[in-house]
Amino acid sequence: QVQLQESGPGLVKPSQTLSLTCTVSGGSITTNDYYWSWIRQPPGTGLEWMGAVVYSGNPTYNPSLNSRTSIYRDTSKNQFTLHLNSVTPEDTAVYYCARGRIGTDEHDYWGQGTQVTVSS
């Protein structure tokens, strides 16, 4: 059973960089045919896919966030990390990490989500 767990600060000040880490257990982030995503849900809106790191290590990003987003992985820890810079209150959301299968936009395993608030 694959499990994902998000960790990081719950409060970030405007203009700072938000960093969240997803720790994966029960499966390797280097396993063929999967990608590992960050997805968020601002209050009162739907889910927004932010980007992902593919099993090969290559990142891919939502074009609307591309200039502010970077995703890295640490294979020794089986973790992947999101960095979102120059945050504003509009980046307040529940942030999820999840596993997707290459060739689809479906995610079969999700973390429980972590609330991040951007406020001074």
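At 21% relative accessibility, E48 lands in the partly exposed class (buried is under 20% relative accessible area, exposed is over 50%, and partly exposed is in between, with a 1.4 Å probe and protein chains only). This is a predicted model, with residues numbered from 1 along each chain as its sequence is written, and local features need pLDDT of at least 70. Side-chain atom pairs count only at pLDDT 80 or more, while totals for chains, interfaces and linings use all residues, and side-chain values use heavy atoms, leaving out hydrogens and water.

**View 1. E48 meets R40.** Their side chains form a salt bridge at 2.7 Å, N to O (that is, a side-chain nitrogen of Lys or Arg within 4 Å of a carboxyl oxygen of Asp or Glu). R40 counts as buried, with 5% relative accessibility.

**View 2. R40 also pairs with D91.** Here the salt bridge is 2.8 Å, N to O. The two residues sit 51 apart in the chain: R40 is in strand β4 (residues 34-41), and D91 is in the loop between β8 (79-84) and β9 (93-101). Strands are DSSP runs (E, at least two residues) and so are helices (H or I, at least four), numbered from the N terminus. Both partners are buried.

**View 3. D91 meets R68.** This salt bridge comes in at 2.9 Å, N to O. R68 belongs to the loop between β6 (59-61) and β7 (69-74), 23 residues from D91. D91 has a relative accessible area of 2%.

**View 4. The linked set.** Shared partners tie R40, E48, R68 and D91 into one salt-bridge network. Searching the whole structure turns up four salt bridges.
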